[in-house]
Amino acid sequence: MNALEVNGLTKRYKGFTLENINFTIPAGYIMGYVGRNGAGKTTTLGLITHQIKSDSGSIKINGMEYKENPERYKEMIGYIQDICYYPGDFNLLDIKGIMKDFYQTFEEEKFMEYVNKWKLPEKKKIKDFSKGMQVRLMFAGILARDTKLLILDEATNGLDPVVKQEILEILQEYIQDGDRSVIFSTHILNDLEQIADYIFFLHEGKQVMYDTKDEILEKYILVKGGLEDLNEYMEKNLIGLKKTSVGFEGILESDKSIHLSKNCVVEKPAIDQIIVSYIKHKEG
Amino acid sequence: MNAVKFMKMDFLKIKSQIKLMIVIIAFVMVFSFKMLTKDMLGWSVMYMIFMGIILASLPFSVDTTTSGGFVTLLPAKARSRVYGRFLYGLVFLVVCTLIGSAISVSYAIKENVDLKGLLLQIIVFFGAGVIVNSLQFFVSYLFEIKNAQVLSIMRIIPGFLFFFCGSVLMDKISENQESMNAFSQTVSKIIEYKEAVAIGFFVISMLIMVVCMMICAKREERKEG
């Protein structure tokens, strides 16, 4: 079962188009949705959550389209963004009341378990919470109900390393039963290295790369060498070629490595090196 | 049913303004007793609805881009959100009208004034309040204003318009004997058919509210696809 299926998703704005986006996330996996600021990540997530209407394409969560049952569709989504979306004047008990009213699967006891575990103050206004506490509260609201897809929109921005690590652990726990998935939009690529199973790379509204993390890491190599080793073929095929006065460095598709000079050094690249090289390549 | 839940949430959103509301109610109570006359028992209702119109739009300023995200993610149809907002506005005005009416009745009992004509004034002010409030909700949905400062100004304008027009009307009526007589005659005529007039005005104001609500609901639904 696929937790999320996106086919031919397109949204046109004046000056920006998100074009023909296609991917699937099988249940039990985490997908990193990466791209620069303004690449169209938040637009995609807005389309998935139906806060924005698409121009064409289809989206299914757990096999269900929004129009089939809008309420069930939204019930299956957990959404976390970098800025806390709860009204600032509310306190935790107000949020609990709203959740209980709207979500059929919301478990009050479970919510309070997280509240106690993370020592969240019950009567303090949410706008007075620290950023870490606000993120934890958003998580408590999601983990206390039955969701199938967790959407994180730059949720780790500005968090201290301890909270960030805690979130990455929560995500692993979330997908453990093999029934739920995560789409993790970020421009902080280091976070993905640890947890993502799939990577989707978006650039200026267009799909550039989509595969499992392992396939991507297999598919590319990092090549380093002296300037004398840089031939015409390599100059043409190296992605994000960086030249210095003594040498060069760039990403190359593994199957093109037969043309490499024997003096070149070949290393396994990190995901962020591949993505950054691609961005440099695309932007000339 | 979801509309009622959204209405509840809107009331939660204005809870930080409760202290302000208590101050205004106390102010209206004190000044009503000084300003009310036996012919114009409806002043306190007008004051309360004036406050009601201003405060009824508060949830729009809470629905900023971020918190709006939370609301739109709740498992409910867009139309329920809009119905809930209008329902909240209506209930809010009913509460304000009841408080204003209670003040008028207390005054009438204390000063031993005949309550004849008060019901008509209450219906007129309530109906006008519903219309002004529906229009301000309509404008808020139509233009989707997210700027807090613009919203603050927007929030005050309809209430003041209502208050200004109401005050001018009250002043014109009471400024000379001639207009007072004309008003009394009109009121007498209306009082003759007061049930029909009251029902008619109430129905019209409700119709305006329902039309505004339907248009806004359709618009919000189209946005979400």
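These legends describe close-up views of a predicted model.

Local features need pLDDT of at least 70, side-chain atom pairs count only at pLDDT 80 or more, and totals for chains, interfaces and linings use all residues. Residues are numbered from 1 along each chain as its sequence is written, chains are lettered from A and ligands numbered from 1 in the order in which they are written, and side-chain values use heavy atoms, with hydrogens and water left out.

**View 1. Chain A as a whole.**
Chain A has 10 helices and 13 strands. Both are DSSP runs numbered from the N terminus: helices are H or I with at least four residues, strands are E with at least two. The C-alpha trace of chain A spans about 70 × 40 × 35 Å along its principal axes. Of its 284 residues, 54% count as buried. Buried means under 20% relative accessible area, exposed means over 50%, and partly exposed lies in between (1.4 Å probe, protein chains only).

**View 2. Helix H1 of chain A and the residue just after it.**
Helix H1 covers residues 41–48 of chain A, and 7 of its 8 residues are buried, so the helix is largely enclosed by the rest of the structure. The buried residues are Lys41(A), Thr43(A), Thr44(A), Leu45(A), Gly46(A), Leu47(A) and Ile48(A). Just after H1(A), His50(A) takes a positive phi of about 60 degrees.

**View 3. The largest cavity.**
The structure holds 3 cavities of 30 Å³ or more. The largest has a volume of about 100 Å³. Of the 14 residues that line it, the closest to its centre are Tyr79(A), Tyr85(A), Tyr103(A), Arg145(A) and Leu73(B). The lining divides into 10 nonpolar, 2 polar and 2 charged residues. Here Ala, Val, Leu, Ile, Met, Phe, Trp, Tyr, Cys and Pro count as nonpolar, Asp, Glu, Lys and Arg as charged, and the others, Gly among them, as polar. A cavity is a set of points on a 1 Å grid over the protein atoms alone where a 1.4 Å probe fits but cannot get out, and lining residues have an atom within 4 Å of a point. Grid points are joined across faces, edges and corners, and a volume is the space filled by probe spheres set on the points.

Glu19(A) forms a salt bridge with Lys206(A), with the closest N and O atoms 3.8 Å apart. The pair links strand E2 (residues 16–26) to strand E9 (residues 206–212) of chain A, across 187 residues. Glu19(A) is partly exposed, at 38% relative accessible area. Lys206(A) is also partly exposed, at 43%. Asn20(A) lies in strand E2 too. Asn20(A) has a positive phi of about 45 degrees although it is not a glycine, and is partly exposed at 44%. A salt bridge is a side-chain nitrogen of Lys or Arg within 4 Å of a carboxyl oxygen of Asp or Glu.

**View 4. Further salt bridges of chain A.**
A search of the whole structure finds 17 salt bridges over all chains. One of them joins Glu108(A) and Lys96(A) at 3.3 Å, N to O. Glu108(A) lies in helix H4 (residues 108–117) and Lys96(A) in helix H3 (residues 92–102). Glu108(A) is partly exposed at 24%, whereas Lys96(A) is buried at 15%. Another joins Lys148(A) to Asp179(A), with the closest N and O atoms 2.8 Å apart. Lys148(A) sits in the loop between H5 and strand E6 (149–153), and Asp179(A) in the loop between helix H6 (161–175) and strand E7 (181–186), 31 residues apart. Lys148(A) is buried at 9%, while Asp179(A) is partly exposed at 34%. Salt bridges that share partners join Asp89(A), Lys125(A) and Lys127(A) into one network.

**View 5. The loop between E6 and H6 of chain A.**
Glu154(A) lies in this loop. Glu154(A) has a positive phi of about 50 degrees although it is not a glycine. At 8% relative accessibility, Glu154(A) counts as buried.

**View 6. A nonpolar surface patch on chain B.**
Phe27(B), Met29(B), Val30(B), Phe31(B) and Met35(B) form the patch, with about 440 Å² of accessible area together. Met35(B) lies in helix H2 (residues 18–35) of chain B and is partly exposed at 33%. Patches are made of residues with over 30% relative accessible area and no salt bridge; nonpolar side chains (Val, Leu, Ile, Met, Phe, Trp, Tyr) are joined within 5 Å, like charges within 9 Å. Accessible areas come from the Shrake-Rupley method with a 1.4 Å probe; for residues, only the protein chains shown count as cover.

Definitions and conventions: 1 Å grid on protein atoms, 1.4 Å probe; cavity = no way out; pocket = protein on both sides within 12 Å on 5 of 7 lines; lining within 4 Å.
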